[in-house]
Amino acid sequence: MPGMLEKLKQFSRSPQGQRAIEEVRRASADPRRRSQLQRLIGKLRGRR
């Protein structure tokens with residue numbers, strides 16, 4: 001049974017994974033979206 005990292009690698013190589021990666025790249029290029037992502041990351045890290 002493949003581990004989590006192996007599943008992530010497989011997904012990133014799939015067409016759906018490539019689309020998801022491209023969407024994230026486009027979102028990170030937009031300053032407004034980048035600040036939204038930074039806030040989300042901060043909230044997720046604060047939960048620990």
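How many positive and negative side chains does the protein have, and how far apart do the centres of the two sets lie? There are 14 positive and 4 negative side chains, with the two centres 8 Å apart. Lys and Arg count as positive and Asp and Glu as negative, while His and the chain ends are not counted. Each charge is placed at NZ of Lys, CZ of Arg, CG of Asp or CD of Glu.

The model is predicted, with local features requiring pLDDT of at least 70 and side-chain atom pairs counting only at pLDDT 80 or more, whereas totals for chains, interfaces and linings use all residues. Residues are numbered from 1 along each chain as its sequence is written, and side-chain values use heavy atoms, with hydrogens and water left out.

**View 1. The whole chain.**
The protein contains 3 helices and 0 strands, in the order α-α-α from the N terminus. Helices (H or I, at least four residues) and strands (E, at least two) are DSSP runs, numbered from the N terminus. The C-alpha trace spans about 35 × 30 × 10 Å along its principal axes. Of the 48 residues, 6% are buried. Buried means under 20% relative accessible area, exposed over 50%, and partly exposed in between (1.4 Å probe, protein chains only). The exposed surface comes to about 4700 Å², of which carbon and sulfur atoms supply 56%. Accessible areas come from the Shrake-Rupley method with a 1.4 Å probe, and for residues only the protein chains shown count as cover.

**View 2. The crossing of H1 and H2.**
Helix H1 covers residues 4-13 and helix H2 residues 15-29; their axes come within 4 Å and cross at roughly 80°. H1 is therefore roughly perpendicular to H2. On the H1 side the contact is made by Phe-11, Ser-12 and Arg-13, and on the H2 side by Pro-15, Gln-16, Gly-17, Gln-18, Ala-20 and Ile-21. Axes are lines fitted to C-alpha atoms, for helices over the stretch in contact, and angles run from 0 to 180 degrees between N-to-C directions. Angles under 35 degrees count as roughly parallel, over 145 as roughly antiparallel, 65 to 115 as roughly perpendicular and the rest as oblique. Contact means heavy atoms within 4.5 Å.

**View 3. The packing of H2 and H3.**
The axes of H2 and H3 are 5 Å apart, and the helices pack at an angle of about 105°. H2 is thus roughly perpendicular to H3. Ala-27, Ser-28 and Ala-29 of H2 make the contact with Pro-31, Arg-33, Arg-34 and Leu-37 of H3.

**View 4. Arg-13 and Arg-33.**
Arg-13 belongs to helix H1 and is exposed, at a relative accessible area of 61%. Arg-33 lies in helix H3 and is partly exposed, at 37% relative accessibility. Arg-33 and Gln-18 are 15 residues apart in sequence, with their C-alpha atoms 20 Å apart in space.

Arg-39 is part of helix H3 and counts as exposed, at 53% relative accessibility. From Arg-39 to Glu-23 the separation is 16 residues in sequence and 18 Å in space, C-alpha to C-alpha. Leu-44 sits in helix H3, which covers residues 31-46. With a relative accessible area of 44%, Leu-44 is partly exposed. Leu-44 and Pro-15 are separated by 29 residues in sequence and by 27 Å in space, C-alpha to C-alpha.
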